[in-house]
Amino acid sequence: MLGLSIIITFILSGVIFFLIYLFRKKLCKISKRGICAELKFTRKFAKVKKILAIVLIIFIGASIIFSSHNISNRLAFLRIGISGHSEWCDSNGQKYLYVEANNHYDLGYQTGYALSDKILAMKALLLICSSSFGLSYFDIEKICNEYNSYIPENYKQEILGMSEGATAGGGFLISYADILVQSVFIEALYGRHIPAELSIMSDFGCTALGAINNDGSVLVGQNMDLIKPMGSFQSFVLHKLGNDPLVFTHRLGGGLTSPMGKNEYGLVLTVNLVQTKEVAPYTIPTFVLVREGLVKEKSIEGLYNTLFPNNSSSYSHNYIIANSSSILAVQALPYNQTKTYAANRIVFTNTFLNPFWQDTLLDPQYSKERQSYAEALLLESYEDNKLTEEELIKILGDKPIICRDENGFFSMGTISFMTFNSFGIGTPNGHKGSIPI
């Protein structure tokens, strides 16, 4: 389709230039002013004026070619007969995208078309920020490509659909590799590059917690803390693929899912990234396992087994897996996991609770203060052996340690949150949408 886009660009820009030529020719028969005036640079600042005139001509020409290429991409990548549809929905002032389709390609296309602006912005941000990891964007892309062979064909089709839908929706070329990067850059950076280089990137800080109440009910929730510009590139997506159950997940740009979501069967998943010295293997990317688990599994154990095939993981992290009656707390290294069913409450931050894993941490002290602080807040709220939704939201919204808003454009902040029942873009102190499943 790129070849078709280039052909259309040449034809369209050629037509525009020809029309401008005809217009100027017709106008110049009537008047010799304006664009018809003969360009002479003989007076004061003649050289500067000549340079400015050349720059203006180049700018106008480039703008025509750029606009033509944008329109050409929209035409060349437009797909007729795509199944399903997408629409933005509102829940108490919070937006989420609903997407349905009959197959993975169409699901990807519909999603990419609707999220095209966020996907393009995410690509620009990764291009800008990649150097902070000591890598170029193309270095990250090279690492991400190593995961491609582990991705099932149906998800490759969804990535392709996402890239072509985003290109048609925004008019800017988004490649398969761009969507792959946005889906697995966490694996590339925190599973491979950072552990190998032993470079600490401590400016992140998701907090997740949960409790089992005295009446048997369960509440869990988490903040998603990343650099603040990512707040504009994220979304919550409720999707329906064929006859599969509904799945509600958090997305960054064109990533096929973050490990934060809920399925129609009432399973909820939260995540905390943990920086360790352990280099993860090239394996099935986390987004595939999360999507597969939330689509197919009805039980906590089933979801756990899907998330850790062969007891392996693509990076180090913590999970909370919950349903309406139980909470499973999981700590995961690339080749090892510990799991515990919570007796009453659990708090995870960006560290391990397992005392035998402390020497695997890149910075053993990182997040320990936030861990203790969050545990104390939860204990205080749980004194009556009951945690309410309001109390959970209050803990997640506690500033500045848990709900973060650091100074600076590229500093860290709480950009979204999700609980068993609610979700939101921004901090928990704002509008709270109701999860629509």
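**Reading helices, strands and turns in a predicted model**

Author: Let's start with a helix pair: H4 and H7 pack with their axes 10 Å apart, at an angle of about 70 degrees. Keep in mind that this is a predicted model.

Reader: How do I read a packing like that, and what is the angle between the axes telling me?

Author: Two packed helices are described by the angle between their axes and the distance between the axes. An angle of 65 to 115 degrees counts as roughly perpendicular, and H4 and H7 are therefore roughly perpendicular to each other. On the H4 side the contact is made by Ile 119, Met 122, Lys 123 and Leu 126, and H7 brings Asp 178, Ile 179, Val 181, Gln 182 and Phe 185.

Reader: What classes of residue are in the contact of H4 with H7?

Author: Six are nonpolar, one is polar and two are charged.

Reader: On to H5, then. Which residues of helix H5 are buried?

Author: General idea first. An α-helix has 3.6 residues a turn, so residues three or four places apart point the same way. Now the case here: H5 covers residues 137–145, and its buried residues are Tyr 137, Ile 140, Glu 141, Ile 143 and Cys 144. Looking down the axis of H5, you find these buried residues within an arc of 160 degrees, so they line one face of the helix.

Reader: And what does the face of H5 turned away from its buried side carry?

Author: Phe 138 and Lys 142, which are exposed, sit on that face.

Reader: What covers the buried residues of H5?

Author: The cover includes helix H4 (116–129) and helix H7 (176–197).

Reader: How many residues of strand S2 are buried?

Author: Six of the eight in S2 (residues 94–101), so the strand is largely enclosed by the rest of the structure.

Reader: What about S9: which residues are buried on each side?

Author: In a regular strand the side chains alternate between the two faces of the sheet. In S9, His 317, Tyr 319 and Ile 321 are on one side, Asn 318, Ile 320 and Ala 322 are on the other, and all are buried. That is six of its six residues.

Reader: Which strands pair with S9?

Author: Strand S8 (residues 268–273) is joined to S9 by six bridges and runs antiparallel to it, with Leu 273 opposite His 317. S9 and S10 also pair in the antiparallel sense, again over six bridges, and Ile 327 in S10 is the bridge partner of Ala 322. A hairpin through four residues joins S9 to S10.

Reader: Last, the loops. Where is Asn 310 found?

Author: Look between helix H9 (300–307) and strand S9 (317–322). Phi of Asn 310 is near 60 degrees, a positive value in a residue other than glycine. Asn 310 is exposed, with a relative accessible area of 78%. Asn 385 also has a phi near 60 degrees; its loop lies between helix H10 (368–381) and H11. At 40% relative accessibility, Asn 385 counts as partly exposed.

Reader: Which residues does the cis peptide bond join?

Author: Lys 399 and Pro 400, with omega about 0 degrees. Pro 400 is in the loop between helix H11 (389–396) and strand S13 (412–419).

Technical notes
Residues are numbered from 1 along each chain as its sequence is written. This is a predicted model: local features need pLDDT of at least 70, side-chain atom pairs count only at pLDDT 80 or more; totals for chains, interfaces and linings use all residues. Side-chain values use heavy atoms; hydrogens and water are left out. Buried means under 20% relative accessible area, exposed over 50%, partly exposed in between (1.4 Å probe, protein chains only). Helices (H or I, at least four residues) and strands (E, at least two) are DSSP runs, numbered from the N terminus. The arc is that of the directions from the helix axis to the C-beta atoms. Contact means heavy atoms within 4.5 Å. Axes are lines fitted to C-alpha atoms, for helices over the stretch in contact, and angles run from 0 to 180 degrees between N-to-C directions. Angles under 35 degrees count as roughly parallel, over 145 as roughly antiparallel, 65 to 115 as roughly perpendicular and the rest as oblique. Ala, Val, Leu, Ile, Met, Phe, Trp, Tyr, Cys and Pro count as nonpolar, Asp, Glu, Lys and Arg as charged, and the others, Gly among them, as polar. Two strands pair if DSSP finds at least two bridges between them.
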